[in-house]
Amino acid sequence: MNNVFVYLEIEDGVVADVSLELLTKGRSLANQLSRKLEAVAIGHKLNGIEKHVFPYGVDVLHIADHPHLSPFTTLTHSKVLIELFKQEKPEIALMGATSIGRDLGPRVSSALHSGLTADCTALEIGPHEDKKAKKVYESLLYQIRPAFGGNIVATIINPECRPQMATVREGVMKSEIVAADYKGEVKQYDAAKWLTPEDLAVKIIERHMEKSKVNIKNSSIVVAGGYGVGSKANFDLLFELASVLGAEVGASRAAVDSGFCDKNRQIGQTGVTVRPKLYIACGISGQIQHVAGMEESAMVISINSDKDAPINKIADYAIVGNMEDVVPKMIKAYKANTK
Amino acid sequence: MGLKIIVLAKQVPDTRNVGKDAMKADGTVNRAALPAIFNPEDLNALEQALRIKQRVKGSTVTLLTMGPGRASEVIREGLFRGADDGYLLTDRAFAGADTLATSYAISLAIKKLGKCDLILAGRQAIDGDTAQVGPQVAEKLGMPQITYAEEIVEVNSKKIVVKRRLERGVETVEGPLPCVVTVNSSAPVCRPRNARLLMKFKHAKTVTERQEANEDYLEMYHDRPYLNIQEITVNDIDADREQLGLAGSPTKVKKIQNIVFQAKDSKVLDATDEDIEGLMKELIANHTIG
């Protein structure tokens with residue numbers, strides 16, 4: 001009871017990176033609260049899944065294994081999760097801010113009448129005093145996220161309702177094994193007792209899942225473009241620089257929304273989070289949602305015609321100039337000095 | 001037989017075009033300086049509704065929005081593009097609602113509008129990016145949800161077939177009606193305003209707006225009932241008031257921080273050949289690149 005729960009996203013028997021990252025975050029939250037870390041695996045053919053999960057410090061693994069539970073459908077997984085949560089009364093429930101988590105989370109939170117905060121960039125434990133109600137809460141989950149177009153960062157709390165639910169994007173947290181032989185307990189459930197015909201009403205007719213081809217997250221150098229790049233043609237310059245440097249190309253949301261670059265390259269709160277050793281930001285103003293996805297880069301070079309662009313404040317080097325002019329010069333200088 | 005379709009739409013501040021005057025001197029957001037727009041993905045949802053209306057004879061499209069009085073703008077915008085009618089869910093009792101309290105009020109308003117076959121909404125609104133209201137409304141109404149719709153492949157009075165755009169692929173699903181479908185920005189953009197409908201509906205107003213404007217065209221609104229945008233207030237829905245507005249919201253905002261970047265010790269370079277060559281040499285020398 002009142003423990004920290006993580007919903008595991010599972011595709012073909014493999015636990016998603018985002019879920020492992022949340023296990024690590026969940027472990028640290030559980031430690032601070034002196035509670036257990038529990039994980040929920042819902043799917044089919046989950047034999048041996050505990051071996052992948054326990055090393056992240058999971059104390060209890062709840063498994064619901066049934067043919068109807070794979071691939072994911074909203075109604076089946078939400079039914080299992082709702083029933084399990086009613087029984088286990090989690091203090092905190094975390095899931096990935098993915099196609100799945102952002103579909104499942106709100107449905108579960110509505111059924112349980114609990115608060116849910118989407119796309120958190122940080123989760124902390126802290127106190128809260130409600131002066132009006134004269135109530136003091138010792139350890140609530142601070143759900144921290146940029147809001148309002150990234151002009152503010154809001155700390156959200158759920159004082160009264162449980163579980164305190166949050167979704168977090170892939171790559172925002174770091175996964176870490178606690179101990180290879182960490183011992184947890186497995187609890188099996190027969191999902192058939194919860195599922196009704198209505199829960200099976202939405203059927204998958206066809207499904208094409210692609211392995212993500214773009215691998216910005218693990219690239220040690222990222223060349224990213226923003227709205228200031230100005231066109232798809234100018235983005236080709238960034239691809240050229242990236243290929244010379246052995247880098248991946250990323251983009252800000254403004255660049256993606258403007259059609260300069262594919263959505264799967266978006267970096268920031270609503271994209272991926274990267275931690276490369278070098279981040280080259282071209283024509284990116286530096287809105288907080290974008291910065292949230294790259295601020296842990298070891299070194300940042302900004303290329304911007306506006307010397308007062310916010311990004312320059314976090315840049316190690318701010319090149320004031322036009323990217324159309326600067327990028328070819330960088331390519332030329334790189335080629336001239338290596339060989 | 002036609003389908004009764006409800007489109008959920010939200011008026012949002014245009015956070016994509018935040019200008020320099022968007023922040024007040026005290027560092028808070030100056031909402032008045034941001035233009036209010038029809039949430040972009042709700043327009044994608046409206047387009048899907050209008051396509052179904054063309055495909056399935058006898059179908060109707062009703063807009064439902066929750067917000068302050070000025071949100072009636074969203075309804076007019078929808079009427080100009082082909083919606084049949086619209087309702088503004090507005091009351092001080094709804095103010096400060098989080099997604100759950102919002103979904104509760106919207107679900108009750110939908111119940112008040114009577115039986116419907118399909119509820120369409122944008123995947124998420126650009127002011128919060130939460131994508132929660134659609135699924136929460138579905139849960140409150142006990143309907144299935146189909147999120148991230150890119151294309152409605154097929155629909156009749158019993159079932160709907162939807163192509164969904166997921167992060168790592170596409171999925172086609174079939175579900176029963178009634179259900180809630182949320183539409184992605186990758187779906188077709190909404191058709192523009194229609195000149196004839198613009199003329200027809202340009203005077204469409206809520207009662208409150210007519211009172212505020214102090215207009216004396218009673219006859220016109222009597223003769224052309226379609227110009228009346230209906231308001232739904234807390235008294236019109238069968239609500240548990242404790243679940244509404246700020247007080248009925250499980251999530252509370254503890255703190256708002258304005259964004260101030262901590263300035264690093266950054267080196268400012270000009271875009272000269274020498275500066276750039278110098279930088280590249282330095283990066284190669286310290287093995288950052290190369």
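1. The model is predicted, and local features are described where pLDDT is at least 70. Chain A contains 8 helices and 18 strands.

2. Overall form of chain A. For 339 residues, a compact globule would have a radius of gyration near 20 Å, and the 22 Å of chain A agrees with that. Along the principal axes, the C-alpha atoms of chain A fill a box of roughly 65 × 55 × 40 Å. Of the 339 residues, 60% count as buried. Among the contacts in chain A with a separation of 6 or more, 64% are between residues 24 or more positions apart.

3. Ile49(A), a buried residue in a helix. Ile49(A) belongs to helix H2 of chain A, which covers residues 49–53. Its relative accessible area is 1%, so Ile49(A) counts as buried; the cut-off for buried is under 20%. Leaving out residues up to four places away in sequence, Ile49(A) touches Ile10(A), Gly13(A), Val15(A), Ala41(A), Leu61(A) and Ile63(A). For one of these, Gly13(A), the separation in sequence is 36 residues, while the C-alpha to C-alpha distance is 7.4 Å.

4. Arg265(A) sits in the loop between helix H6 (253–257) and strand E16 (278–282) of chain A. Arg265(A) counts as buried because its relative accessibility is 14%. The side chain of Arg265(A) makes a polar contact of 3.0 Å with the side chain of Glu248(A). In chain B, Glu209(B) is part of helix H6, residues 207–213. With a relative accessible area of 17%, Glu209(B) is buried. The side chains of Glu209(B) and Arg76(B) form a polar contact of 3.0 Å. Apart from neighbours within four places in sequence, Glu209(B) is in contact with Gly69(B), Ser72(B) and Arg76(B).

5. The peptide bond from Leu177(B) to Pro178(B) is cis, with omega near 0 degrees. In chain A, the bond from Ser70(A) to Pro71(A) is cis, with omega near -5 degrees. Pro71(A) is in the loop that runs between strand E5 (60–65) and helix H3 (74–88).

6. Positive phi at two lysines. Lys45(A) is not a glycine, yet its phi is positive, at about 55 degrees. Lys45(A) is located in the loop between strand E4 (37–43) and H2 of chain A. Is Lys45(A) buried or exposed? The relative accessible area of Lys45(A) is 65%, so this residue is exposed; exposed means over 50%. Lys134(A), also not a glycine, has a positive phi of about 50 degrees. Its place is the loop between strand E8 (122–130) and strand E9 (135–147) of chain A. Lys134(A) counts as exposed because its relative accessibility is 75%.

Terms used: Residues are numbered from 1 along each chain as its sequence is written. Chains are lettered from A and ligands numbered from 1 in the order in which they are written. This is a predicted model: local features need pLDDT of at least 70, side-chain atom pairs count only at pLDDT 80 or more; totals for chains, interfaces and linings use all residues. Side-chain values use heavy atoms; hydrogens and water are left out. Helices (H or I, at least four residues) and strands (E, at least two) are DSSP runs, numbered from the N terminus. The radius of gyration is taken over C-alpha atoms; the globule rule is 2.2 Å times the number of residues to the power 0.38. Buried means under 20% relative accessible area, exposed over 50%, partly exposed in between (1.4 Å probe, protein chains only). Contact means heavy atoms within 4.5 Å. A polar contact is a pair of N or O atoms within 3.5 Å; within protein, one must be able to donate a hydrogen and the other to accept it, and residues adjacent in sequence count only if both atoms are side-chain atoms.
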